[in-house]
Amino acid sequence: MHWLNSKELISLSLIFLLLAWAFYLLDSIHGRWVETRARLAVAEQLVRQGSALSDALGSKVALLYGIRGFVESNHRNPQLDRQFETIATTLRGNASSVRAIQLVQDGVITHMAPLKGNEAAIGHDILHDPRPAVAVSVRRAYESEHVTLNGPIELKQGGLGLVARLPIMDGKKVWGLAAVVINIPGLFSEAGMLSGDGTLKYAVRDRHHGVFFGEEEVFAQQPELQRIPLLDGYWELAAVPGTGWYAMAGEAVLTFRFAGGLIILLVMSLLCVSLRNKSMLRTLVDRRTQELAALNAELRREISSRRQTEIDLVAARDKAEHSDRLKDFFIATMSHEIRTPLHVILGYVDLLCGTGTAEGEEKEMYVDSMKNAGKRLMRTVEELLHISSLRAGTFTVNPEDFDVVESSRLLARQFHGMARERGLSLIFKSTLSKAIVYADRYSMEQAVSNLLDNAVKYTEQGEIELFLSGEGHDCTLSLRDTGIGISEEYLHQVFEVFSQEKTGYCRPYDGLGLGLALTKNFVELNNGRIHARSEKGKGSEFTLTFPTVSQVEHGVAEEETSTTHHLAAVPSLTLLNSVANVA
């Protein structure tokens, strides 16, 4: 089927699967329908057999009323013995299923017809029969006014039988019992259940589920059941096909399956022919299309070349404009970041030189301001060197094993002073007592230091929490503050170079916008991950994750908090404009 493409092949396969599924459903429905018809046929025959069996049994029980009528009229007649045999033989007729007709007095069998073959039962005391069911049935017969059935039982004279008994009355007293002994195989033969044609297999069981005719396995083959009511109970007549249910319905099922398979084959053949014709038509169309495509290929290439040139020119123009804007922003920011600390230093130098009477505390304040300005200038230069080195690929890492818990604790302590100056509480927490990482200590500590510096810078009040925890083979460092937060629109740009949410000379916070960009590069340089989460006006949370060589957990989480207090306000740097020429 090389003329089929993948889409057509998939479609053809799906159609085949759909047809197969539909055929499976129809086959299941048809199978159940055929089985239902077979069961109905068996059930109809079973009803006929049940009726025949009931009629046969009823005709035998009816003999009791003839015997009772005769005995009640002649029980005082001395010729009863001879007359009983004549009447019993006449009533029995040619019914082979009637084994014997009996008279019972005081629980003892006194009369039997025919006598031949039943000699063993004459004189037997059935009230004291060792078979409990027999004695119970006899007593019930004496106490009842109706026919009672006893059996199936093993007969005294041999064989399996059923005994029907009816009390004979002498006035208001029971004279004795009339009994008909029915041969069970003969009864079923008379009902036509031993015909031997093999169409159906029968089995019969009593109300106690004791099987006394047929094979017990018939009841395990999901048979059709017919309940035959008796005078004091019931029998269950079961029937299954002689060859089994599947064989009975097999021919119809196989015919249906053959017809269904043939229909599916014809449908698939028609689809294949249709798809082949479609493929041939497609080939012709493709050939004509290729001829037209060859004529237009050069024109398309020319148009594509010109379009690509235009795109490249636009991209180059946009890149140049972006570089120009970035250069202007960089120059403006750099001039501000370098000039502002120099103004502070020069302004305070002029103050120190021009004011000979400055007190020690005031002089110390001037010197601290100059030191902070120098640190800011140094940090600007270091950030520029680091970002340049990282971008050029010349930044050198020296990985080693060190304890990130101890390193973070020391860094947090270094920022206690800054936090106290701003009235903030800096909290260090750790569920780990030790977490050894294999990484470059300098870049790792620089990343954490940048995050701490930002947290202190952008938090006006509240607290900063540095929290370390272990998760599997990783160490997680989370820095949370209650600062100004980051807007949702700017959050995705927060790790970009020279990126600040507010720009220009009037921005409220200093910096080049390199701190978080450097932090991200330092973290990834040490096989770590960084994630930022923030809400404007409520604070930010930065999470760093590093693989550890080993880690030891605290029994109780460690917590260390800086003491917060407010220092006397330092004079605003804007006051320098009135003291020194630092514009």
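A cavity is a set of points, on a 1 Å grid over the protein atoms alone, where a 1.4 Å probe fits but cannot get out; lining residues have an atom within 4 Å of a point. Grid points are joined across faces, edges and corners, and a volume is the space filled by probe spheres set on the points. The model is predicted: local features need pLDDT of at least 70, side-chain atom pairs count only at pLDDT 80 or more, and totals for chains, interfaces and linings use all residues. Residues are numbered from 1 along each chain as its sequence is written, and side-chain values use heavy atoms, with hydrogens and water left out.

**View 1. The largest cavity, about 120 Å³ in volume.** By the rule above, there are two cavities of 30 Å³ or more. The lining of the largest cavity has 14 residues. Nearest its centre lie Gln102, Ile109, Arg131, Val163 and Arg165. By class, this lining has eight nonpolar, three polar and three charged residues. Nonpolar covers Ala, Val, Leu, Ile, Met, Phe, Trp, Tyr, Cys and Pro; charged covers Asp, Glu, Lys and Arg; the others, Gly among them, count as polar.

**View 2. The second largest cavity, with about 30 Å³ of space.** Its lining consists of Phe402, Val404, Ser407, Ser408, Met444, Glu445 and Val448. Four are nonpolar, two polar and one charged. Helix H7 (404-414) and helix H9 (441-457) each supply at least two of the lining residues. Helices (H or I, at least four residues) and strands (E, at least two) are DSSP runs, numbered from the N terminus.

**View 3. The second largest pocket, with a volume of about 350 Å³.** Of its 18 lining residues, Leu149, Gly151, Arg207, His208 and Asp232 are the closest to its centre. A pocket is an open set of points with protein on both sides within 12 Å along at least five of seven lines. Helix H3 (132-143), strand E3 (148-154) and strand E9 (233-241) each give at least two residues to the lining. E3 provides the largest share, five residues. The lining comprises nine nonpolar, five polar and four charged residues.

**View 4. Strand E6 (residues 200-206) and its partners E9 and E7.** Six of the seven residues of E6 are buried, so the strand is largely enclosed by the rest of the structure. Buried means under 20% relative accessible area, exposed over 50%, and partly exposed in between (1.4 Å probe, protein chains only). Two strands pair if DSSP finds at least two bridges between them. E6 and E9 pair in the antiparallel sense over seven bridges. Here Arg205 stands opposite Glu236 in E9. Three bridges join E6 to strand E7 (residues 211-214), also antiparallel. Ala203 has Gly214 in E7 as its bridge partner. The hairpin of E6 and E7 has four residues between the strands, and His209 takes a positive phi near 65 degrees.

**View 5. His416 in helix H8 (residues 416-421).** His416 is buried, at 11% relative accessible area. Leaving out residues up to four places away in sequence, His416 touches Leu426, Glu560 and Ser562. Contact means heavy atoms within 4.5 Å.

**View 6. Gly537 in the loop between strand E14 (529-535) and strand E15 (539-547).** Gly537 counts as exposed because its relative accessibility is 58%. Its contacts, not counting residues up to four places away in sequence, are Gly483, Ile484 and Gly485. Gly537 and Gly483 are 54 residues apart along the chain, and 6.9 Å separates their C-alpha atoms.
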